[in-house]
Amino acid sequence: MYAMMVNVQQQKVVVIGGGKIAYRRVRSLLAEQADITIISLSLHEKLHEMWLEGCITWHQRDFQKEDVLDAFIVIAATNDGAVNAEVVRSCSPTQLVQRVDDAKNSRFHVPATVHSGDLTLAISTGGASPKLAKRIKQELSERYHEYGDYIDFLKQVRKSVLENNQSEELLEECLHPSYVHSKDARDELMKKIEAM
């Protein structure tokens, strides 16, 4: 698998199925502002709330081939293997499609992720052990929980260096561990940079 991050903002995502797994996929896609349509006879209670709030579109019926015609991403998340297989067959070779019950016949996988501001860490075991991925996610979450502010600081410094033609050595200096955990140290360096 080729690891990459995909911008799904305003992209059409069709999810076939309305259960717990569908909810997990929709929740993370909605956070990235995807345009989500669900095809399912019933909805998980949290999905139903999202629908009532107008966050997603829901067609309360069985899957039809036409449902995936203009979708950027398609997720086959029913508890019926035959339906999931039909969803995959209905997709064009250029569509990103995931069959949640069959990793081999999916064109992408969703790794476990840890977020801290703009820092994103992805964990995948290639389907071998989701429990291990979950454990590693917890460990990384504890280790990197305060990196959000640090990443914002790095972004500010990089912007200043590029805009003001300052020494790139500043970028190297920012990587010293003291700046990760100390807001005071970051503030001091920013003052020094602004005075240059």
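**Notebook: salt bridges and one buried serine**

I count a salt bridge when a side-chain nitrogen of Lys or Arg is within 4 Å of a carboxyl oxygen of Asp or Glu. Asp70 sits in the loop between β3 (57–59) and β4 (73–76) and Lys12 in strand β1 (residues 12–16), so this pair ties together parts that are 58 residues apart in sequence. I took helices (H or I, at least four residues) and strands (E, at least two) as DSSP runs, numbered from the N terminus.

The model is predicted: I used local features at pLDDT of at least 70 and side-chain atom pairs only at pLDDT 80 or more, while totals for chains, interfaces and linings use all residues. Residues are numbered from 1 along each chain as its sequence is written, and side-chain values use heavy atoms, with hydrogens and water left out.

I then looked up accessibility for the pair. Asp70 is exposed at 53% relative accessibility, and Lys12 is partly exposed at 26%. My classes are buried for under 20% relative accessible area, exposed for over 50%, and partly exposed in between (1.4 Å probe, protein chains only).

**Helix α8**

Next I checked Lys192, which forms a salt bridge with Glu173; their closest N and O atoms are 3.8 Å apart. Lys192 belongs to helix α8 (residues 183–194) and Glu173 to helix α6 (residues 169–173), so the bridge ties together parts 19 residues apart in sequence. Lys192 is partly exposed at 42%, and Glu173 is partly exposed at 29%.

I found another salt bridge between Lys183 and Asp187, with the closest N and O atoms 3.0 Å apart. Both residues lie in helix α8, 4 residues apart, which is about one turn of the helix. Lys183 counts as exposed at 51% relative accessibility, whereas Asp187 counts as partly exposed at 32%.

I also noted a network: salt bridges with shared partners join Arg99, Asp101 and Asp102. For the whole structure I recorded 9 salt bridges.

**Ser116**

Last, I looked up Ser116, which is in strand β6 (residues 112–116). Is Ser116 buried or exposed? Ser116 is buried, with a relative accessible area of 7%. I listed its contacts (heavy atoms within 4.5 Å). Leaving out residues up to four places away in sequence, Ser116 touches Tyr144, His145, Glu146, Tyr147 and Gly148.
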